Amino acid sequence: MNLKSYINATKNLEEHSRQCYAETIILSSDEFVEMMLLDACFLVELFHSGDFSTKMPGRVSDSGNSLVPFSPEVPDPIIYPLHHGLTLPISRLSISWSRGNCLRVSFFPKPSPDPCREDSGNSNGEIGGKVVEVKLSSGDGEIDDAQERRIAYGSVSPFALLQSRKNSFSELSRMSMSSSSYHVDWWEHVMEYSRDIDSLLGNPKPPPSSAIEDPKTVLKTVEEPTCLKAAWELMEIFYVDKQSQAWLSERLVDWLADYDSLLSGTEVTVHSKLVDLQKELVDLQAIEDDPKYWEGISSALAVGWLEIAVKLLRLHGSYQLHQLGKRETENGLVETVAVLVSKMPRMRPELAAGRLGECFKTKPDFIKAWEKWRGNITKLDCSGYWIECDHRQTKEGLRKILQIMLGNTDILSNTTCHWMELYISHFLYIRPFTMGLEGMYSLAQKCMQLKLMSTPHKLMGLILGILGENTEVVLAECSRAFGPWMVAHAIELLTAGSNQAEILLHEERYNLGGISIEELHRLVYAQVLSSHALTWQIAPIYLMSCTKQGMGLLEILLYKQPVHHNKTLLKILEICRLYELNSLGSDIMKIAGIYHWKHGRKGAGVFWLQQAQDEARLNRIAQQLFDFVGKSICDESFKQWEGLIELLGSGVRSAGGLEFLHKYRDFKKSLQQVHDGKTIDAARQAVESLILLMRNPSTPQRFWLPLLHDSLKLLSWQERPLLSVSETNLLLNKLQELSMSRLRPDFCEADLPPQALSSVRLALATNLGRAILEIKGIKLGTVIILCKLESMLWFCWSLDFSLGVLGLRAVDGSCFALIELIIGLSIAAQLMRYYNHHHLGVHLQSEFTLRMDENNIITPEEETETALHHKGTLATSPIITFTFRSVEYQQYN
Amino acid sequence: MAVIGTGLAEKLKIHRFPQSKYIDALRWLSPLSASDRFVVLALHDSDSDASSIEIHALDHSNLNLQSSWIPPSRISSLRVSQTPHKPLVAASTFAGSLHILFPDPVDASLESELSLPENSLHIGPISGIDLQGSGCECVCVGEDGRVNLIHVGDSRLNYCQVFDSHGLVSYTAAKWASPAEFGTGGFGHSLQWWDQRKPGGAVSQLKGNWAQSTSSGIVHCIDIHPSRKHICLAGGSAGTVFAWDLRWQQQPIILSGIGPGETAAISPSESEVWEVQFDCYMQSSNISSMSSSRILPVMMASEDGILAVVEQGEEPIEVLAEPCAINSFDINQQNPSDVICSLEWESIAILTRR
């Protein structure tokens, strides 16, 4: 990449870039490109200088402390044009994150200065802008999003299991204080974890094999391997599997056999060579004449694919029956080499079925066998049969094969393609006795110098990191090449057996805000999970394994989730329940409650607020609900309310002010029964619920009068007074309170006939009088008859009116109650007298005195007497006089 | 494979079908031929925000797409009428529209479709629908508090509103009991019983506060057995599965979860019960000896990944335990040993009990 290519790239975009400016740029083409390029350099520099984000790990600003090595060389910039279809120029551009990995780019065209022109000429005039969604993908497309999610889902269980085992292990070791047994078993757990994850990464299902094997199929068709799986297995080999330490090189041979095809993506490899050969094999008649055939055999042998080498050898023309006689020596040589290849000693515990070579578990055995095998090869190499072999290609090819087995460096280097292949061949034929990691790194570097890579494969960085025993590099390579999933899960492998790595990764770091590298990577992965609508639910599992920041981020994550759908909401609440985030849960329920309430789903709103035990909000919405009730509650619409009232329950759960509704419904119900059946029991019940309602402080004031008005029938019950004296007093008090508040400007008048208040007051007064009479054992029958007198009622009404005025003056409540009492009594007395029941009148008088005494008021006996015994005439004036007097008396007191 | 259970584990065969989309709902579709097995899936792709209804044929261990249809919005509820000669698929959406699909009874290709647009039936999402056995009547309920009946004609859909609570009561599930009666469920573990012959409101309702505990729940699904039409089965929050016998209305019968007076039935789950169905497979052994008041065995699926069979007064039998939620399941009515269930992690499991 040089400056020229940058200039060219910018030049190609010149036309487009110019149109992105609102004004015309008066610069020549070269000047314009120069400006663009300089600006771009500035931006790149700005991003790299670290001024942007000093806290981000891995920025070069803190080159000393950076965790992830940052290579300053920038890979080729790739420019993707976006098509928006708007006429230029664009005045504004806005970029934001959309769903998942989508970027939402909004284009706003320059508003036309002349609206008339826009209407006439511009065809795009009606378009106010355009939104383009740009899907960002990880690039190579090896694993698609759905597959990535499947891996994420699948790795949850192994990860969670490992974490819980880790916790119980650390508890155990803390108890017994012996950490030695910890490491012995621990790697086996990690191994199990690693196997579980590994099985997710590739398809374990072998492809269906046909019963008859085609002899010409040299390479088995296998499922396309993925780099992710290759990387995972590589880390498993080096970090977890303690048993493989003794035969590391053999593991690497196997690994390359599985994943060599991956490397062919960027370079020529043995695998790609063999794939080409495979294609040609079908058409070739005498394959032994073709140099590619021999090349294929030596290459396969060099990287240890003995089966392929032997299979290819046996395709040699000399095996054909009609040729066997003519080419006996040749065939003998080929077969001897094939046998030698298949007898190659290998130091490994076992070989899978169908694999060639001889296994040796211990080093001394292996060395012995190796020497013998090498001896046989040398013997064959020096034998006289070669002279008898006529076929030149066969002779040369076979001798080359022998040279490979004897470890000829030059030939090995020529037959292999990738440095990894050369590296493997060194282990196989030059230094078969290498144990462990000793010298592996320097050898790798030597091989890389011999086989230069044009573009490094992403697995190579990881391999070098592992061989160089540099945990930081390994992590950085995992992160760079395979993303957050890999890092978060591979950390478990890194720490499996190495104390050093464990210290490095678990150490809390100041520059990371006090968290460890392990936690950092888990948090990053959890963030990635959180960003997707389908994977956010598994993020908590990773967040919970982060001791420092996990809980806080989990709360933020849960807060951010939308609560529109009940299903999602319940899933969020389930997570809150699992992690005992009760207050968060109730906050979310509150949000949901308000959301439903605002969208007209009152029942759902009330339900969620009730679940959240949010008294304050329930009270607030109760007021709105009562407005609704005030308008709609009538006997027909009650069906609608039934359900909500059932939902509110009977007071066990908190309902805020809404419990009023429940009582209101009970009252309405019994009132209904009264109207239908008129039984005294039902009436009594109705009165009870009325009193309950009126006593309850949560009953809104605006309901008082309608309630009382509704129950007029109860207040003036014909057979007997249903309310006791104290109950009547209570109601009268409430009524008075109501009259007072009527004067306040914010009072809202109930939708009732104008005389409602008066008729209620009258009924109450009558009831009071009757109640008192009943206490004294007076037969009520007579009184009831009197009550019917229309004229009497009107008289009382006028009386009541004057009292109402009085009541306003009497600030003391008890005083007012007294007045009501007096009125009640006096009405009764008047009534008695009207029907010439003088003895009753007398009786009432004593009652009156008694009451006055109870209220600690010294009764002005004479005056009362005057009032009561006013010569038996029915006149309003004395009574009024009397009441005035008594009030004046009280005020005087 | 996580299969825990008493006596069922070895008799269970599980096939898993990973999908690359979220499964909103699924149902068996009874085809004309007994050898075919069809499955209706309602899928949602959250990346493109696209939904689809797909009919797959199930042969051996493969799902083959037969036909598909694109709904205007995400599917909230999916029902299939179980008449083999004239199958019907009804689907409601979160936007509030209702769609009736007519698949071909032989190859399940979609022949025609009838729909009611959004905002005609409900304001906001439709939360539950149910098709009558004959398939010509459909009830749908919503959180807006409306209950609608839809008559499925040959070329058009007619609907009428049965009730509107103006949002005071929200309904979450519905199920037909008889041609005239149906049950609904809603917030506060409440159930309502409706009779088309008695208009103007629910004829009966189970009081929502029966649990007497400090927290209540939501009924997510209800089921009514065709042979016991007086019993309404419901699955709700906190692992609760209960039955409401219309003949004894005051108290529900708790099959799982916490009941009144803290008499807890053994619950296989502690979280939301997303789906319940009477399990015809389990009942076949001893149905004759059961009294009519006894509740038939019930299969339930829950948020914590449990698929279990619960029976009154007996230990629950865990059929499947998954690491993720089981969002819905369906028992094949023709062959009750087959159960299909949808898992939260974008996959389908088909269980065959033997």
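**View 1. Antiparallel pairing of β6(B) and β7(B) in the predicted model.** Strand β6(B) pairs with strand β7 (residues 88-93) of chain B in the antiparallel sense over six bridges; two strands pair if DSSP finds at least two bridges between them, and strands are DSSP runs (E, at least two residues) numbered from the N terminus. V89(B) in β7(B) is the bridge partner of V80(B). Strands of a sheet pair through backbone hydrogen bonds, either parallel or antiparallel.

**View 2. The open sheet of chain B.** Four strands follow the order β6-β7-β8-β9 with antiparallel pairing. The edge strands, β6 (75-81) and β9 (110-116) of chain B, each pair on one side only. From one strand to the next, the twist averages 20°.

**View 3. The largest nonpolar core.** This core has 169 residues, and M235(A), Y423(A) and L307(B) have the most contacts inside it. A nonpolar core is a set of buried Ala, Val, Leu, Ile, Met, Phe, Trp, Tyr and Cys residues joined through side-chain atoms within 4.5 Å; buried means under 20% relative accessible area (1.4 Å probe, protein chains only). Helix α21 (residues 471-494) of chain A gives the largest share, 13 residues; helices are DSSP runs (H or I) of at least four residues.

**Notes.** Residues are numbered from 1 along each chain as its sequence is written, and chains are lettered from A in the order in which they are written. In this predicted model, local features need pLDDT of at least 70, side-chain atom pairs count only at pLDDT 80 or more, and totals for chains, interfaces and linings use all residues, while side-chain values use heavy atoms, without hydrogens and water.

Note on methods: Buried means under 20% relative accessible area, exposed over 50%, partly exposed in between (1.4 Å probe, protein chains only). Axes are lines fitted to C-alpha atoms, for helices over the stretch in contact, and angles run from 0 to 180 degrees between N-to-C directions.
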